[in-house]
Amino acid sequence: PVIDHDLKISGLLTWVGTSSMEIRISLNQIIEGIAKPILQGSFNMVSRTKDGKKALPVPRLKITTEEEKKLWDLGEENRKRRIEVRNNSLFLKPPSPSELEIIHDLMITNRVTEKAVPLSSTLYQSSRLMHPQYKNIHGKVFGGYLMRSAFEIGYLAASIF
């Protein structure tokens with residue numbers, strides 16, 4: 001990214017389930033009127049009742065174009081991947097023998113060298129005061145505000161690295 005050009009952040013709802021939805025966020029830099037992609041991320045949000053104890057159904061999306069269908073299909077693939085990852089979590093079952101071998105190989109081949117940057121040196125944190133305008137009707141911080149904050153700190157970490 002070039003520091004003295006405008007950035008455009010846009011978001012699009014790309015997939016919905018019964019109570020969850022996937023939002024795709026894009027960061028583009030506008031150079032001479034052309035949007036150059038810098039970063040793209042997907043966020044999952046879940047609709048809950050006011051007390052937060054039950055899922056709250058969300059409206060369906062009406063898919064009308066081929067591009068929307070591709071984004072929907074990608075969201076569906078992401079949902080299946082999330083389920084698979086959750087079902088294979090180390091909290092549920094230990095690594096398989098082949099995974100243990102991969103972990104060991106990675107540890108041996110990726111030891112910190114002089115050219116490597118320690119992971120701990122890439123940590124960036126941000127503290128923000130939460131004012132009433134950042135609250136939703138449930139008295140919680142707006143999810144979009146949190147997403148923007150996460151996006152900004154991620155961009156900062158990547159830029160400085």
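A charge is taken to sit over a ring if NZ of Lys or CZ of Arg is within 6 Å of the ring centre and within 35 degrees of the ring normal. This is a predicted model, in which local features need pLDDT of at least 70 and side-chain atom pairs count only at pLDDT 80 or more, while totals for chains, interfaces and linings use all residues. Residues are numbered from 1 along each chain as its sequence is written, and side-chain values use heavy atoms, with hydrogens and water left out.

**View 1. The charged end of R82 sits over the ring of W15.** The distance to the ring centre is 5.9 Å. Both W15 and W72 are buried (under 20% relative accessible area, with exposed over 50% and partly exposed in between; 1.4 Å probe, protein chains only).

**View 2. W15 and W72 form a tilted aromatic pair.** Rings of Phe, Tyr and Trp (its six-membered ring) pair if their centres lie within 6.5 Å; planes under 30 degrees apart count as stacked, over 60 as edge-to-face and the rest as tilted. By this rule the count is 1 aromatic pair. The rings of W15 and W72 are 6.0 Å apart centre to centre, with 40° between the planes. Because W15 belongs to strand β1 (residues 6-16) and W72 to helix α1 (residues 66-87), the pair ties together parts 57 residues apart in sequence. Helices (H or I, at least four residues) and strands (E, at least two) are DSSP runs, numbered from the N terminus.

**View 3. T122 is found in the loop between α2 (97-109) and α3.** T122 counts as partly exposed because its relative accessibility is 26%. T122 and Y155 are 33 residues apart in sequence, and their C-alpha atoms are 12 Å apart in space.
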